[in-house]
Amino acid sequence: MEIPTTKVIDLKGKYLIPGGIDVHTHFNIDVGIAKSVDDFYTGTVAAACGGTTTIIDHMGFGPKGCSLHYQLERYHEFAENNAVIDYGFHGVIQHIDKKILDEIDSMIADGVTSFKGYMTYGYKLSDRDMLELSQKIATAGGLLTVHPENNDMIDYLKNNFASEGKLSPKYHGESRPSRCEGEAVNRMLDITSVTNCPLYIVHLSCSEGLEHIKVAKDMGQKVFAETCPQYLVLDESCYSLPEKEGLKYICSPPIREKRHQEKLWAGIKEGYIQTVATNHCSFNFLEQKIMGKDDFRKCPNGLPGVETRIPLIFSEGVSKERININKFVEVVSTNPAKLFGIYPQKGCIQVGSDADLVVIDPNIRKKISKENLHENTDYTPFEGIEVIGYPVMTISRGEIIVEDNKFMGKKGRGKFLKRKKFSL
Ligand code: DUC
Ligand code: ZN
C-alpha cells in the first residue's frame with residue numbers, strides 16, 4: 001500500500017486561494033501572417049508560474065470549411081503530452097451550415113461546451129449566422145462566447161487611414177474605436193434575446209459595451225462578461241511610444257483611453273463583469289510584431305499575459321483596494337469554473353475538489369520584467385510595472401509544480417477537462 005506523504009507548509013501572512021483559471025488563451029495559434037511563440041508546454045509553464053492551474057484555450061481557425069471536430073483533434077494533439085496544467089477547449093465557429101449546427105451536440109458530449117463566434121476577422125459570422133448558432137447552442141445546453149467588434153466600421157476606418165498614409169500603431173487603435181465594440185455588444189444582446197441563449201462577451205475593453213451589458217443584465221438577460229489585465233492597467237498612450245514600441249501593444253480590441261479603466265474596475269466590483277482572463281496570444285517583437293513597422297495592418301494582433309494576470313489583478317485590485325480578496329478569487333477562479341462547467345472540481349477549496357491551490361505572498365514587491373517571466377516572448381507589455389503581492393507556490397492536483405518562480409512539474413502532466421453543460 002502506498003503511504004501518503006504529508007508536507008506541512010507554513011502559510012503565515014500569506015493567502016491560500018483556489019488555483020487561477022484563465023478561460024481565454026490562444027496557444028499554438030497560427031494567424032496566417034505569424035505563428036504564436038507559446039505552445040501548450042511553454043504557455044502552461046508560464047501560466048503555472050503566474051498562479052494559474054487551468055486554462056481553456058480558444059482554438060485558432062482551421063482550414064476553410066473544416067468540421068468542428070477537425071480543429072478539436074488538432075488541439076488535442078497540440079496539448080497532449082505538452083500541457084503541464086489541466087486544460088479545456090472552446091469550439092471555434094468558422095461558418096454556419098446544417099452540418100456544423102448538428103455537430104454542436106457531439107462537441108458538447110465530448111466536453112467542449114462553449115463556442116466562440118467572431119464578428120470581425122476573416123471568419124466573421126453574420127447576424128443571421130449568430131441567430132442560428134445561438135438558437136442551436138441554447139437548445140443543446142452550451143454557452144455562446146463572442147468577440148464583438150463591428151467589422152464594417154473597422155474596414156471603413158482602416159481604409160480611410162491607409163489612403164491618408166496614417167499607418168503608425170496609433171491608427172490601429174483609432175480604426176477600432178470603443179463605439180464599434182459597444183455597437184457589436186448591443187447587437188449580440190439583441191440577437192441572443194431573440195433565441196434565449198446565454199451569452200459571454202470576451203475581452204470587454206470599454207465602458208460603452210459595459211453600459212449595454214448592465215441594461216440587459218438588469219432586465220434579466222443571461223449575459224456574462226470577461227475583461228483582461230491590459231484593459232485595466234494600460235492605456236492608449238502605449239501606441240505612441242517611440243522606436244516602434246507601440247507595435248508591442250497591438251491587439252484587438254485595442255488598448256483604450258484611460259477613462260475606461262475605472263469603469264471596468266467598477267463593473268468587476270458590481271458583478272457585471274464576472275471574469276478576468278488574458279487573451280494570451282504571443283508574438284515576438286523583433287521578428288513578428290515588427291512586421292507592422294511601416295503599416296500597422298501587417299502586425300499580428302495579440303499580447304502575451306498568461307503569467308502576469310494573477311500578479312497584476314492581485315496588485316492593482318486587492319493591494320490597491322479596488323476589490324477585496326473574495327472578489328479577486330471570484331473573478332480569477334470561481335466564476336470561470338462555474339461558467340465553463342468545471343465547478344466544483346476546480347475554482348474552490350473543498351473536500352473532493354482537485355487540490356489546485358496557489359499561495360500568494362501579499363508583501364512581495366517586484367517589478368514585472370521579461371527577465372523573470374517564463375512566457376516565450378522577447379518582451380512583456382507590462383514591463384516595469386511594480387506589483388505588490390506575487391504567487392510563491394502553485395499546486396496542481398495536490399502536487400507542487402512551482403515554488404519561488406521555479407517550475408518543477410513534468411511536461412505533459414496536464415489533463416484534458418471534459419466540461420459540463422452550461423447551468424447557471
Ligand atoms: N485578439 C487579438 O489581439 N489576438 C487574437 C485574437 C483576438 O481576438
Ligand atoms: Zn481571443
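Tyr-121 and the rest of the model

Reply: Starting with one residue: Tyr-121 is partly exposed, with a relative accessible area of 30%. For that scale, buried means under 20% relative accessible area, exposed over 50%, and partly exposed in between, using a 1.4 Å probe and protein chains only.

Me: Before going on, what kind of model is this, and what cut-offs apply?

Reply: This is a predicted model, where local features need pLDDT of at least 70, side-chain atom pairs count only at pLDDT 80 or more, and totals for chains, interfaces and linings use all residues. Residues are numbered from 1 along each chain as its sequence is written, chains are lettered from A and ligands numbered from 1 in the order in which they are written, and side-chain values use heavy atoms, with hydrogens and water left out.

Me: Ok, back to Tyr-121. Where is it found?

Reply: Tyr-121 is in the loop between strand 5 (114-118) and helix 4 (127-140). Its phi is positive, about 75°, although Tyr-121 is not a glycine.

Me: What about His-203, buried or exposed?

Reply: His-203 counts as buried, at 2% relative accessibility. His-203 sits in the loop between strand 7 and helix 8 (207-218), and has a positive phi of about 30° without being a glycine.

Me: Zooming out, how many helices and strands does the protein chain have?

Reply: There are twelve helices and 13 strands in the protein chain. Helices (H or I, at least four residues) and strands (E, at least two) are DSSP runs, numbered from the N terminus.

Me: And the sheets? What's the order of the eight-strand one?

Reply: That open sheet runs 2-3-4-5-6-7-8-9, with parallel pairing. Strand 2 (20-25) and strand 9 (275-276) are at the edges with a single partner strand each, so one side of each has no neighbour in the sheet. Pairing here takes at least two bridges found by DSSP between two strands.

Me: Which residue in strand 7 stands opposite Leu-144?

Reply: Leu-199 does. Strand 6 (residues 143-147) and strand 7 (residues 199-201) pair in the parallel sense over three bridges.

Me: What's the order in the five-strand sheet?

Reply: The order is 1-10-11-12-13, again an open sheet, with antiparallel pairing. Strand 1 and strand 13 (406-407) are its edges, and each has a single partner strand, so one side of each is left without a neighbour in the sheet.

Me: How many bridges hold strand 10 to strand 11?

Reply: Eight bridges join strand 10 to strand 11 (residues 386-396), running antiparallel. In that pair, Lys-367 has Glu-386 of strand 11 as its bridge partner. Strand 10 (residues 357-367) also pairs with strand 1 (residues 15-18) in the antiparallel sense, over four bridges, and there Leu-16 is partnered by Val-359.

Me: And which strand does strand 12 join by two bridges?

Reply: Strand 13, with strand 12 (residues 399-403) running antiparallel to it. Val-402 is opposite Phe-407 of strand 13.

Me: New topic: where are the cis peptide bonds?

Reply: One is the bond from Ser-252 to Pro-253, with omega near -5°. Pro-253 is in the loop between helix 9 (229-233) and helix 10 (259-269). The bond from Tyr-343 to Pro-344 is also cis, with omega near 5°, and Pro-344 lies in the loop between helix 12 (325-339) and strand 10.

Me: I keep looking at Val-318. What does it touch?

Reply: Leaving out residues up to four places away in sequence, Val-318 touches Ile-313, Ile-323, Asn-324, Ile-325 and Phe-328. Contact means heavy atoms within 4.5 Å. Val-318 belongs to helix 11 (residues 309-319) and is buried, with a relative accessible area of 13%.

Me: How far apart are Val-318 and Phe-340?

Reply: They are 22 residues apart in sequence and 25 Å apart in space, C-alpha to C-alpha.

Me: Last one: what share of the protein chain is buried?

Reply: Of its 424 residues, 60% count as buried. Among contacts with a separation of 6 or more, residues 24 or more positions apart account for 78%. The C-alpha atoms fill a box of roughly 65 × 50 × 40 Å, taken along the principal axes.
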